Amino acid sequence: MNGIRHQEEESKHRNTVTLLKNLEKSIIELKEDRALEIARKLVRTSISGQKLINVITAALEQVGKKYEEGLYFLPELIFAGNMVNKVLETIKPLLNVESKLERTGKIVIGTVRGDIHDLGKNTVVLMLRSSGFSVIDLGVDVSPEEFINAARKHKPDILAMSALLSTTREEMR
């Protein structure tokens, strides 16, 4: 009986590894439907949310390299970001399980005034939460006053500001 159980566990592990590789490949190749299908399958496994985040991060790094090499352009970057947000939303149950971890610290985060891009911020928020941080997300287009008020109210260990547009740099001063 132990031999059969061991074979079943090995088979499950191989299947999970294959799913992870296919998820990474699907993200890199911008195959959204396939990536979401694989993400749904992975939620039904016992994989940790952090392992999934690591695979997603590696895939995004490869998408970034393709952009740097001129193989992908801005539309592909935006598509990849939106796809990853959908994948992250799909794997949220795994991240919520890990939210019962002992808290590592408290972070207040938001996208600065004048910028409504939240792709990077949303990814960071999910990664931080899955790593045990308590995160207060202020959203987008957040004024300096809102950051100050949130910092006073929540007394975070870290105050994080996100911006995509270089024109919003002054909002971070």
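**View 1. A nonpolar surface patch made of Tyr67, Leu74 and Ile78**. Together, Tyr67, Leu74 and Ile78 contribute about 290 Å² of accessible area to this patch, where accessible areas come from the Shrake-Rupley method with a 1.4 Å probe and, for residues, only the protein chains shown count as cover. Patches are made of residues with over 30% relative accessible area and no salt bridge, like charges being joined within 9 Å and nonpolar side chains (Val, Leu, Ile, Met, Phe, Trp, Tyr) within 5 Å. Tyr67 is found in helix α3 (residues 49-68), and its relative accessibility of 39% makes Tyr67 partly exposed, a class lying between buried (under 20% relative accessible area) and exposed (over 50%), with a 1.4 Å probe and protein chains only. The model is predicted, so local features need pLDDT of at least 70 and side-chain atom pairs count only at pLDDT 80 or more, whereas totals for chains, interfaces and linings use all residues. Residues are numbered from 1 along each chain as its sequence is written, and side-chain values use heavy atoms, with hydrogens and water left out.

**View 2. The chain as a whole, with seven helices and three strands**. Helices (H or I, at least four residues) and strands (E, at least two) are DSSP runs numbered from the N terminus, and along the sequence they follow the pattern α-α-α-α-α-β-α-β-α-β. Of the 173 residues in the chain, 35% are buried, while the chain exposes about 10500 Å², of which carbon and sulfur atoms supply 53%. Among contacts (heavy atoms within 4.5 Å) between residues at least 6 apart in sequence, 76% join residues at least 24 apart.

**View 3. The open, parallel sheet in the order β2-β1-β3**. Strands β2 (133-137) and β3 (158-162) stand at the edges with a single partner strand each, so one side of each is left without a neighbour in the sheet. The twist averages 25° from one strand to the next. Two strands pair if DSSP finds at least two bridges between them; strand β1 (residues 105-111) and β3 pair in the parallel sense over five bridges, and Ile107 has Ile158 in β3 as its bridge partner. Helix α7 (residues 144-154) lies across β1, β2 and β3 and runs at about 165° to β1, with axes being lines fitted to C-alpha atoms, for helices over the stretch in contact, and angles running from 0 to 180 degrees between N-to-C directions.

**View 4. Salt bridges of Glu37 with Arg34 and with Lys41.** A salt bridge is a side-chain nitrogen of Lys or Arg within 4 Å of a carboxyl oxygen of Asp or Glu, and by this rule the count comes to six. The closest N and O atoms are 3.4 Å apart for Arg34 and Glu37, and 3.4 Å apart for Glu37 and Lys41. Arg34 and Glu37 are three residues apart in helix α2 (residues 32-43) and are therefore separated by about one helical turn; Glu37 and Lys41, four residues apart in helix α2, are likewise separated by about one helical turn. Arg34 is partly exposed at 33% relative accessible area, as are Glu37 at 32% and Lys41 at 32%.

**View 5. The salt bridge between Asp137 and Lys121**. The closest N and O atoms of this pair are 2.9 Å apart, and the pair links distant parts of the chain, with Asp137 in strand β2 and Lys121 in helix α6 (residues 119-130), 16 residues apart. Asp137 counts as partly exposed at 31% relative accessibility, whereas Lys121 is buried, with a relative accessible area of 3%.
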